[in-house]
Amino acid sequence: MPAITVNQDLVRTIAELSQLNIDAKDIDGYAADMTKVLALVEEMHTVDTVAVVPMSNPTDASQQLRQDEVTEADQRDRYQAIAPETDGGFYLVPRVVD
Amino acid sequence: MSELHTKTLSQMLQDLDNKVYSSVELTQHYLDRIERLDPSINSYITVLRDAALSRAASMDTARSKGSHSPLAGIPIAHKDIICTEGVRTSAGSRMLDNFIAPYNATLVEQLNKAGVVTLGKTNMDEFAMGSSNENSYYGPVHNPWQRDRVPGGSSGGSAASMAARLCAGATGTDTGGSIRQPAAFCGITGLKPTYGRVSRWGVIAYASSLDQAGPMAQTAEDTAHLLQAMAGFDPRDSTSINQPVPNYLAQINAPVAGLRIGLCQEYFDAGLDDNIRAAVMTAAKTLESMGAILSEVSLPNTQQAIPAYYVIAPAECSSNLSRYDGVRFGYRCANPESIEDLYKRSRSEGFGREVKSRIMVGTFALSAGYYEAYYRKAQQIRRLISADFTRAFEQVDYILGPTTPSTAFKLGEKLDDQVAMYLQDIYTISVNLAGLPAISLPAGQSQGLPIGLQLIGRHLDEGGLLKVAHNFQQASDWHLRRPDDNQ
Amino acid sequence: MHDWEVVIGLEIHTQLKTKSKIFSGASTDFGSAPNTQACAIDLGFPGVLPTVNARVYDKAVAFGLGIGAEINLTSVFDRKNYFYPDSPKGYQITQLEHPIVVGGSVDIVLKDGAIKTIQVTRAHLEEDAGKSMHEVYHGQTGIDLNRAGTPLLEIVSEPDMRSAEEAVAYARSIHQLVTYLGVSDGDMSQGSLRCDANVSIRPQGTETLGTRTEIKNVNSFRFLERAINYEVERQISVLESGGTVRQETRLYDSDKDETRPMRSKETATDYRYFPEPDLLPIQITQDYIEAVRLQMPELPAAKTRRFIQEYGLSDVDAQVLVSSVALADYFETVARIGGDAKLAANWVRVELLGQMNRDALTPSAATLNSLPISAKALGTLLARIKDGTISGKIAKTVFAALWQGEATDPDAYITSQGLTQVSDNAELIPIVDDVIANNPQQAAQYRAGKMQLMGFFVGQVMKATGGKANPQQVSDLVQARLLD
């Protein structure tokens with residue numbers, strides 16, 4: 001697979017998916033950086049991995065399961081003390097239209 | 001008294017037990033040094049002056065009443081990516097500049113139980129992304145050996161603090177080399193444990209399948225002390241290893257005779273600085289003279305490690321950092337006009353350039369149409385790299401090589417070349433992909449700058465690594481060297 | 001004008017009945033003050049990690065067995081990445097490629113009595129999101145994360161349904177099954193079960209699927225039916241006027257009885273699924289699956305068959321009584337104590353459910369366990385009819401009195417009110433003779449052949465005895481004395 005050249009449109013699309021604003025003056029910079037990183041990782045495509053099982057995690061073990069018990073107490077006051085904006089126990093954000 | 005900071009952590013434990021000085025005196029000594037010397041190093045983001053002294057006093061009291069926790073009264077620093085309850089935990093970022101952690105990381109709780117005094121939180125590359133500690137909201141860290149050079153990253157603050165003797169030991173995290181590379185640049189000992197050996201609960205996530213917290217200290221023995229308290233199974237971390245923690249301090253004194261040490265041929269390529277090559281070979285010979293058996297091993301997929309890492313780590317980080325949205329904690333932009341504006345401006349203003357860049361690379365690697373070719377491919381490469389190590393460890397017990405391709409570079413030197421910065425991690429990165437333990441220890445100097453030697457071990461063989469390192473440190477004195485400008 | 005065929009698939013999200021959340025130890029209780037059940041993990045604080053609640057597997061496996069599906073011995077969690085304020089981590093932990101349950105089917109009974117099998121594609125585990133309150137704060141939305149992390153089983157059907165009726169029947173079957181299994185509490189008013197309907201139409205006789213729309217988050221069967229019907233009409237009118245149906249996500253507005261497109265962008269995004277690195281693959285064993293199977297209660301289909309065979313009930317009676325576990329258990333207790341299944345069926349269906357309906361009570365376990373008339377009491381009452389202590393008519397007044405709370409023990413009430421049926425001939429014959437003597441005209445007419453006057457005489461005797469005479473006996477005596 002040939003290395004991808006990241007253009008402005010792709011930067012904008014990715015920025016949108018990542019919920020980031022990229023200033024117009026910075027788009028080319030990000031595009032160039034991303035292109036270089038993708039060129040760097042292109043090395044991967046020189047190796048044949050057809051039969052190789054992907055490795056998600058270095059641990060071989062399986063997931064341990066937890067007993068179904070309530071172990072957490074109400075700590076709303078402590079947690080909301082560090083919140084940007086709350087009222088009546090709710091976290092407040094600008095009106096969301098669904 | 002004025003030389004307290006030159007002692008090893010192990011020595012301090014004995015001195016405290018023998019009441020040569022108190023924890024309060026020791027802590028005060030460090031706090032004075034931090035005040036005097038840290039302005040030119042910038043290794044601390046937060047110093048906990050009053051809390052540290054009060055804690056030191058209570059440790060002194062406990063000791064006088066006969067209680068004896070293994071690290072009672074020892075002043076340490078935590079990398080600011082590790083949650084400390086009631087204390088700012090910034091991850092080096094504007095995004096969390098106002099984040100007062102509502103809970104302690106498990107490793108913090110364990111070290112607290114062992115009796116440590118927390119001096120403060122150390123500087124770091126933002127969200128652990130970087131190899132020079134130049135990506136911090138709180139300004140770059142300066143290498144105490146030469147102030148115009150980087151200390152390495154992302155645990156640059158912990159490494160510099162330890163090197164400048166502004167703490168007796170420190171914690172760091174390592175995702176692609178972030179403990180070992182700064183340890184090498186700063187002439188200290190740093191260990192990345194086996195993935196799952198130290199709990200990640202409370203360690204702010206960068207790349208979930210690669211992150212591991214570990215100890216950074218002056219010597220292998222000191223490192224063993226810290227690791228003993230940090231390690232252990234934690235049911236709150238599903239990736240935590242459910243195996244008992246051995247007695248590392250009991251293991252380190254065993255001899256190295258008969259141990260098989262492999263020099264990885266791929267690590268000694270043309271890109272390696274000659275002085276580093278020489279120092280590493282000398283160290284190998286030293287170990288050989290102590291009875292270790294040297295041989296050559298090959299890790300054929302070494303060249304694939306950086307590509308695989310720079311897909312996997314950004315991909316996981318792009319997802320891990322989605323929670324930073326200005327809603328429940330952390331930075332929020334002023335006067336958001338809509339929910340989208342809230343997200344985008346909070347994130348864009350809260351995150352630095354390198355973080356945004358990695359988030360975008362990661363988002364790309366996971367996106368529809370590219371997932372197979374990038375993320376999935378990288379996970380397959382990862383399996384091959386892991387298999388390389390498994391094969392090599394059939395021939396040898398440890399793999400030895402340089403920690404970094406060069407010594408500490410100058411501040412600003414690699415800032416414009418992102419890929420050049422990434423290539424700094426060439427010797428350390430495979431280890432994280434395979435989840436194995438590795439240690440970096442001082443093994444020489446080149447033009448006044450420290451050179452680090454790396455040892456890689458089998459799964460859960462931290463004890464073995466510490467043993468080889470400790471043996472080497474009995475036969476060398478690089479680890480005793482300190483930056484020597486008026487300190 | 002075409003003949004259109006409607007194609008419907010349902011994705012049903014059912015909350016699993018566990019005490020704690022799927023990935024944290026916070027409580028799943030409904031209705032608490034906002035954010036009092038949102039722990040650090042649910043809030044997505046820096047440094048937190050998920051752990052997995054064992055009980056969600058018990059529930060998911062039971063469901064899988066209940067629909068005859070395959071259970072995956074290895075299942076994996078994945079991250080579904082999207083930004084929305086009710087999703088605090090910016091991703092949902094779900095299962096994409098390796099769900100816990102694969103395949104299976106559910107039978108539905110249609111209005112004409114026909115049975116149709118609906119195939120289930122898969123069912124997987126995931127976490128619920130929090131709630132957004134748009135109306136409480138002017139210009140702002142309030143976020144409550146109590147619900148975030150509640151375990152969900154998402155049940156995906158094949159697009160096998162061909163009408164709103166079939167879709168509702170399927171949803172009802174699923175609802176019944178999950179409540180039967182104790183997998184869910186089935187309380188749709190609390191959001192325990194929510195349906196997303198994928199609806200498309202195509203010309204009758206064609207194979208290609210039309211463009212489908214998804215109607216999200218319908219939480220009642222009535223709304224499901226209306227939403228689907230509206231959407232079908234809408235799509236038909238779009239296509240018949242030459243337009244094309246847009247693939248989109250829609251919401252059902254119950255006030256206006258229409259569906260409208262969702263406005264948020266969340267619906268049209270690339271979710272960038274990848275395996276959850278903070279969790280390891282879950283391994284379960286055949287032994288474990290067998291253990292779950294042994295613990296499973298009798299399922300609705302089997303219970304219906306048994307009620308028909310064992311109790312001789314009609315299909316309709318059986319289906320009604322089997323509609324909830326609690327109701328079925330209630331009925332069986334009444335039948336056992338009363339000693340007559342058909343009588344019990346009649347009383348439970350007509351008297352009890354009728355009364356509950358009037359009082360707007362649903363036959364949930366909680367309600368049935370706290371009725372003014374327990375199953376034991378009702379059974380006892382019916383036993384008194386059977387043994388002749390009271391008549392059926394008197395039993396109804398006793399029932400009413402118990403329901404009002406005037407008494408709790410039917411026997412005590414019968415005694416204290418003197419309601420015991422009079423069955424003693426020595427007592428009855430004089431009264432019968434008296435009535436005959438006082439009504440010579442009717443007596444003569446009866447003797448002349450006007451048999452329907454029996455009712456008159458029986459009625460008079462009942463009146464004279466304050467309703468307490470045994471009507472059958474009275475009838476026999478009247479006949480005997482009149483024709484004597």
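User: How many salt bridges are there between chain B and chain A?

Analyst: A salt bridge is a side-chain nitrogen of Lys or Arg within 4 Å of a carboxyl oxygen of Asp or Glu, and between chain B and chain A the count is four. One salt bridge joins the side chains of Glu85(B) and Arg78(A), at 3.3 Å from N to O. This is a predicted model, in which local features need pLDDT of at least 70 and side-chain atom pairs count only at pLDDT 80 or more, while totals for chains, interfaces and linings use all residues. Residues are numbered from 1 along each chain as its sequence is written, chains are lettered from A and ligands numbered from 1 in the order in which they are written, and side-chain values use heavy atoms, with hydrogens and water left out.

User: What area do chain B and chain A bury between them?

Analyst: The size of an interface is often given as the accessible area lost when the parts come together. Here chain B and chain A bury about 5200 Å² (accessible area, 1.4 Å probe, lost on being put together and summed over both), and 65% of that is on carbon and sulfur atoms. In terms of contact (heavy atoms within 4.5 Å), 64 residues of chain B meet 50 residues of chain A.

User: What are the corresponding values for chain A and chain C?

Analyst: Chain A and chain C bury about 3900 Å² between them, with 56% of it on carbon and sulfur atoms, and the contact takes 36 residues from chain A and 55 residues from chain C. Three salt bridges are counted between chain A and chain C, and the side chains of Arg55(C) and Asp68(A) meet in a salt bridge at 2.9 Å, N to O.

User: Which strand of chain C is joined to β3(A), and by how many bridges?

Analyst: Strands of a sheet pair through backbone hydrogen bonds, either parallel or antiparallel. In this model β3(A) and strand β11 (residues 140–144) of chain C run antiparallel and are joined by four bridges, where strands are DSSP runs (E, at least two residues) numbered from the N terminus and two strands pair if DSSP finds at least two bridges between them. Within this pairing, Val93(A) stands opposite Thr141(C) in β11(C).

User: Which strands form the open sheet in chain C, and in what order?

Analyst: Three strands of chain C form the open sheet, in the order β6-β5-β17 with antiparallel pairing. Because β6 (91–94) and β17 (274–275) of chain C stand at the edges, each with a single partner strand, one side of each is left without a neighbour in the sheet. Strand β5 (residues 78–81) of chain C pairs with β17(C) over two bridges, and Asp78(C) has Pro275(C) as its bridge partner in β17(C).

Definitions and conventions:
Buried area is the accessible area (1.4 Å probe) that two parts lose on being put together, summed over both.
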